[in-house]
Amino acid sequence: MAGLRRTLLLAVSVLVSLPGSALAHPFLRRSVPKASDTLAVAPIELRLVFSEPIELRFAKIELVGPGGTLGFLTGLATEPDSLGTVAAPVGRVLGPGGYTVRWQAAGDDGHVIRGEYGFVVLGTQGGGEAAGQVVTPGAGPVHEVQHPTTAPVNAGFDASSPLFVALRWLMYLGLLGIIGAIVFQGVVLPLVRRRGGEASRLLAGDIQPRVARVGRAATVIFLVSVPGRLFAQSLSMHGPESLDPSLLFGMVAHTMWGWSWLAQLVLGVWTYASFRRVTRGKGGWGFTRAGALLLAFTPAFAGHAIAAERWIPFAVLSDGIHVLGASGWLGTLAVLLLVGLTGALRLPEADRGPVAADLVNAFSPVALVFAGTAAATGAFSALVHTGRIADLWQTSYGQVLLLKLGVLSVVAGTGAFNWRKVRPALGDEIGARRIRRSATVELVVAVIVLLVTAVLVALPTPLGARGS
């Protein structure tokens, strides 16, 4: 445990040193020409100025003219003193008519941001026009674009697509089981032994290998999601070219999402190997705990926390602790159900009730602490990502968050019922079976909460959508 505390302290130090800027979602600040502009002279270059530096390999600018799609513009370049400014040569003479610019950029968390705006050309290109210089009646060459007028574009497969949501859901299920196994073995079982009840004597022989097998199975679920998420992310970014090795490598090597994905792959293999050592009786709980602790923080580096508009280090730290809190509550409940209560009901009839009571009484205070931690960090994350109370019902992010809270209240209500009504009545086999049934209901609803969470993390946050 001392080693885990040192690891956590190191993680906090790294998080606090993160820069507070240049990690949020990019949004369009300015453009030449601007949205809804009317040009007397056709431009020979488009210029888009984003809120943060842009990785050109993930940027796309498409021009649609009166006769249909003119195609993606090539020769994109950034300015040496402004890596957030993307210049796109038009490469052809634009005739009179209406044009639409469709753009794509990727945030550091890997979320693909898309938008579009239109302008009208009255005449053709004039001789001697410099790149980026356009003539608009009553305006200068560079015009502000108010962010809300940049229309979002859904280009088919993206982070909100069902397949991507399902893969994230698998990742969360795996994390829940991994951390639940660690907490059950490292916190609940020591409490059982300290209390010295029947469970301590009757389950001491084989319960830890069975806990490790549950953790190993959860790690397999987590690892199954890893390659799938890489493909889904590449499909979201690159479309039909998603399997191009150079694009895959560039995505992994040049985005925070890619680094997080690589860390999950390495830590997932590490954790699986550690659980496997435990099931073979060779020890390894210390390595498994360290791997699980680090895994808990990886989603923060590929989600809203790392792209928060404010308080980034604290958002990342809170997100990781939230994963630990939720998993320490619901994941440990899953292990209690799959290993503890199931094992208790296989004992001789006279021992079933007392053993179940010992396990549940040891789990209850642990669940309260971890559930409280999850609630506190969840509230902080909502504060980070929403700027107004009205965002909770006026934005898709807020509405899904309210849905999550509503489903979560069912989980919390079931847990409170188990704690106040079912737990005190434990002591015989009837009570043991009753707590197992109610715990199963609690877990089924918790699985739904994870699914809602997998949807929530794909939605733009209210502050990010406003670019503030």
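I began with Pro299 and looked up its contacts (heavy atoms within 4.5 Å): leaving aside neighbours within four places in sequence, I found Met171, Leu175, Gln264 and Asp319. The model is predicted, so I noted that local features need pLDDT of at least 70 and side-chain atom pairs count only at pLDDT 80 or more, while totals for chains, interfaces and linings use all residues. Numbering runs from 1 along each chain as its sequence is written, and side-chain values use heavy atoms, with hydrogens and water left out.

I placed Pro299 in the loop between α7 (285-297) and α8 (312-344). Helices here are DSSP runs of H or I with at least four residues, strands are runs of E with at least two, and both are numbered from the N terminus. Pro299 is buried, at a relative accessible area of 9%. I took buried as under 20% relative accessible area, exposed as over 50%, and partly exposed as in between (1.4 Å probe, protein chains only). I also checked Ser260: its C-alpha atom is 7.2 Å from that of Pro299, and the two are 39 residues apart along the chain.

Next I turned to Gln104, which I found in strand β8 (residues 97-106). Gln104 is buried, with a relative accessible area of 9%. Leaving aside neighbours within four places in sequence, I listed Phe58, Ala59, Lys60, Val112, Ile113, Arg114 and Met237 as the contacts of Gln104.

I then looked at surface patches, which are made of residues with over 30% relative accessible area and no salt bridge; like charges are joined within 9 Å, and nonpolar side chains (Val, Leu, Ile, Met, Phe, Trp, Tyr) within 5 Å. A salt bridge is a side-chain nitrogen of Lys or Arg within 4 Å of a carboxyl oxygen of Asp or Glu.

A nonpolar patch consists of Leu262, Leu265, Val266 and Val269, with about 310 Å² of accessible area together (Shrake-Rupley method, 1.4 Å probe). I located Leu262 in helix α6 and noted it as partly exposed, at a relative accessible area of 41%.

Arg276, Arg277, Arg280 and Lys282 form a positive patch; the charge is placed at NZ of Lys and CZ of Arg. Arg276 belongs to helix α6 (residues 256-279) and is partly exposed, with a relative accessible area of 33%.

Last, I recorded the chain totals. I counted 13 helices and 11 strands. Of the 468 residues, 53% are buried. Among contacts with a separation of 6 or more, 76% join residues 24 or more positions apart. The accessible surface is about 20000 Å², with 64% belonging to carbon and sulfur atoms.

Definitions and conventions
Lys, Arg positive; Asp, Glu negative; His and termini not counted.
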